[in-house]
Amino acid sequence: TVLIISFGGQYAHMISRRVRDLGVYSEVVPYAAVSQSTVEELRPRAIILSGGPSSVYEPGAPAIGDWVLKLGLPVLGICYGHQLLAEMTGGRVERGQGEYGRTRVTVDGPDPLFDGWGREEDVWMSHSDYVASVGPGVKVLATSKDTGYIAAMKAGDKIYGVQFHPEVRHTEKGVKLIANFLFKVAKVRPTWSVEGLAEKLVEQVRSQIPREDKAIVAVSGGVDSTTAAVIAKRALGDRAVVVFINHGLLREGEAEEVLSALKSLGLNPIYIDASDRFLRALKGVTDPEQKRLVVGKVFAEVFKEVATSDSSIRWLVQGTTYPDVIESGAEAGADRIKSHHNVGGLPRDLGLRVIEPLRYLYKDEVRRLALSLGIPESIAMRHPFPGPGLAVRVIGEVTEEKLRIARRASMIVEEELRRAGLYNSVWQAFAVVGDDKWVGVKGDRRAFGYIVTVRVVESEDGMTADWARLPYDLLQRIASRITSEVPEVVMVTYAVTTKPPSTIEPV
Ligand code: XMP
């Protein structure tokens, strides 16, 4: 394991992604949750300190004990991590002129960390503090060409700091640098792969749940929950009570599709149509977080009812993945952006103990795991669909009418993308409706109808996203089909904002 200690930047997970892609297992731990004894227990082969938004010289700034330097482990500090290491080894950090974006650095001589780098390279910077001087015995390895700031340093032979972000794609040789740190400095071997993980996860679930207990396995038909269910089924056999709840917020034809897909995987779910109940509970609710909490609450009620029907049910297995955990603010130091219903939205007094076999995996890793488990491509490659379903694609109150609009318009978006052969190359594609209206003319008559926003995004893991540059004629086809096939709509817009600042779903 490589331990990534997070100082609050979302970059920590990007570092983790790169390390895992290089075949080395990594875990992200918030700095506040890490102590010398947790590290000694985990026995990582190397430690990476992430970036973060603070300044090391401010009182109460995130820090880490200097035991981290005394473990004899290779350490790589990135950005804030670099500044922290500089300070801990006798250097000085000050407010500087700031370097943002592509920056040219000069590498001053050979070092294993910079193997394969030229004398000058482009890197990605994002900082306003800088390391003004290093402590005694600390070697400067690279400097920024324009500012002369210290871009990389080395203390002893295994402790490194880099001011730039090697985990970001714009640092052209960033992956090379991370690989050098792992394989040349820390000398770990690339033995980790998602494909080898299935058996381990099955074993974990089996050993966590006592033999006399049963577990509810909540499935939605998406890749995460289906993968978690296949693992739980293998681990528990008939003690896995697979439940598929229709909350009335599903896409067109989805309930039927999901049921038949789950059956073909041998999961035979208990099907509960609770549409009325969810829609009743959502009546009058307009606040986004409130909506998510309501959906979470009704889900929990239904699970509880299933659980009371059999006293040996004591567990709930869910397909929560890493980004859900992070964005719900379940991780210390991260801000709560949205309560993903399956993390923050579930009440604590559920009365069931929750198991999340995929909570350390990223989406594309789950997809590869799914394929390795024999889950068909039609599920493994499905776009993510949020737990609260169309409730988060309807802005404002969830009404039958707006649901119908979001459902039919979304179907058109997905259909046209499939037809254009683009479905698999985007992360998500859907339509959103709110309460705003637009005046139109339909068949020579004035029509005052809904505005539908189409959102199609590209993303690696849902943490950041870019809008898809779809061909104009495809956008045109989508827009004209929506206005002609969904009579309540007179205007279609296309969302062209990245995440951040927008999130992917509107609610
Ligand atoms: P946002 O909208 O936060 O979404 O940019 C990031 C990714 O997460 C999905 N999402 C959810 N998934 N329960 C889920 O299981 C939720 O409540 C939820 N909210 C958002 C979203 O579809 C996107 O892929």
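The model is predicted: local features need pLDDT of at least 70 and side-chain atom pairs count only at pLDDT 80 or more, while totals for chains, interfaces and linings use all residues. Residues are numbered from 1 along each chain as its sequence is written, and side-chain values use heavy atoms, with hydrogens and water left out.

The secondary structure comes to 15 helices and 18 strands, taken as DSSP runs numbered from the N terminus (helices H or I, at least four residues; strands E, at least two). An automatic or database assignment sets the domain bounds: domain 1 covers 2-185, domain 2 covers 195-380 and domain 3 covers 401-494.

The C-alpha centres of domain 2 and domain 3 lie 28 Å apart. Their contact (heavy atoms within 4.5 Å) takes 13 residues from domain 2 and 10 residues from domain 3. Between them the two domains bury about 900 Å², with 59% of it on carbon and sulfur atoms; buried area is the accessible area (1.4 Å probe) lost when two parts are put together, summed over both.

One salt bridge is found across this interface, where the term means a side-chain nitrogen of Lys or Arg within 4 Å of a carboxyl oxygen of Asp or Glu. Arg251 and Glu414 also meet in a salt bridge, at 3.1 Å from N to O. On the side of domain 2 that touches domain 3, α11 (322-327) and α12 (363-372) each supply at least two residues. That side divides into five nonpolar, one polar and seven charged residues; Ala, Val, Leu, Ile, Met, Phe, Trp, Tyr, Cys and Pro count as nonpolar, Asp, Glu, Lys and Arg as charged, and the others, Gly among them, as polar.

The whole structure holds 38 salt bridges. In one of them, the closest N and O atoms of Arg20 and Glu365 are 2.8 Å apart. Arg20 sits in helix α1 (residues 11-21) and Glu365 in helix α12, 345 residues apart, so that the pair links distant parts of the chain.

Some backbone details remain. A cis peptide bond joins Lys499 and Pro500, with omega about -15°, and the bond from Pro500 to Pro501 is cis with omega near 10°. Asn268, in the loop between α8 (254-264) and β12 (270-273), has a positive phi near 30°.
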